[in-house]
Amino acid sequence: MDTRHGSTSPHSRRQRGVTLIELAVVMAITAIVAATAVPDFGAFLAMRRLQGAAANLAADLQFARSAAIAHDRPLRFSVRTNAVASCWIVHTGGAGDCDCAAAAQVVCGAGASAIRSVVLPTADRLSVAGNVGSIVFDPLHGTSSPTGTLRVVDTRGRSVRHVVNIVGRVRSCSPAGAVAGYAAC
């Protein structure tokens, strides 16, 4: 009997490492957890895209008002939608002078120029719309005409509304409080 290793039987040696069965069980559990987390992660990303676009829209509305006053010239904030994209544009010129082109870029006609714009391709699953096509900001007082409500909407029906009042101020809300960080409206 060999007693150098402190064991009397070859079956009493300790096992080291992981068996193939244990590894397969761990992999199966990991796959199940990952499969349940992926849809939640997709919803999280969609919500963050909506929140980001809504924040950009509110900031650009404030920018249009401030820039009109600072540069002492009327500026327009226009919302456009076509089959390829929807967009908002801060621009000079008339209400119909700038648009989202088929290549998802902003194009302005003669005499008008885009100062700032955001294009939301339909592939992004977001769109912008409003009850008015264009709001002009007065350079003397910063007032807006007409007043309007602009919405950023995702494909799941969640939206953020930005209400522009006569003095050019913006109030934001989300119907039924569906978007975190916005009051219910």
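How many of the seven residues of strand β2 (residues 85-91) are buried? Seven of the seven are buried, so β2 is largely enclosed by the rest of the structure; buried means under 20% relative accessible area, exposed over 50%, and partly exposed in between, with a 1.4 Å probe and protein chains only. The model is predicted: local features need pLDDT of at least 70, side-chain atom pairs count only at pLDDT 80 or more, and totals for chains, interfaces and linings use all residues. Residues are numbered from 1 along each chain as its sequence is written, and side-chain values use heavy atoms, leaving out hydrogens and water.

- Helices (H or I, at least four residues) and strands (E, at least two) are DSSP runs, numbered from the N terminus.
- In a regular strand the side chains alternate between the two faces of the sheet.
- From β2, Ala 85, Cys 87, Ile 89 and His 91 point one way, while Ser 86, Trp 88 and Val 90 point the other way.
- Six bridges pair β2 with strand β1 (residues 75-81) in the antiparallel sense; two strands pair if DSSP finds at least two bridges between them.
- β1 and β2 form a hairpin with three residues between them, and Ser 78 stands opposite Ile 89 in β2.
- β2 is also joined to strand β5 (residues 114-121) by seven bridges, and these two strands run antiparallel.
- Within β5, Val 118 is the bridge partner of Trp 88, and Leu 120 is the bridge partner of Ser 86.
- An open sheet of five strands has the order β5-β2-β1-β7-β8, with antiparallel pairing; its edge strands, β5 and β8 (144-145), each pair on one side only.

**Nonpolar cores**

- A nonpolar core is a set of buried Ala, Val, Leu, Ile, Met, Phe, Trp, Tyr and Cys residues joined through side-chain atoms within 4.5 Å.
- The largest nonpolar core has 26 residues, of which Leu 57, Leu 61, Phe 77, Trp 88 and Phe 137 touch the most other members.
- Helix α1 gives the most to this core, with nine residues.
- Another core, of five residues, lies apart from it and includes Cys 87, Ile 89, Cys 98 and Cys 100.

**Surface**

- Met 27 lies in helix α1 (residues 20-71) and is exposed, with a relative accessible area of 55%.
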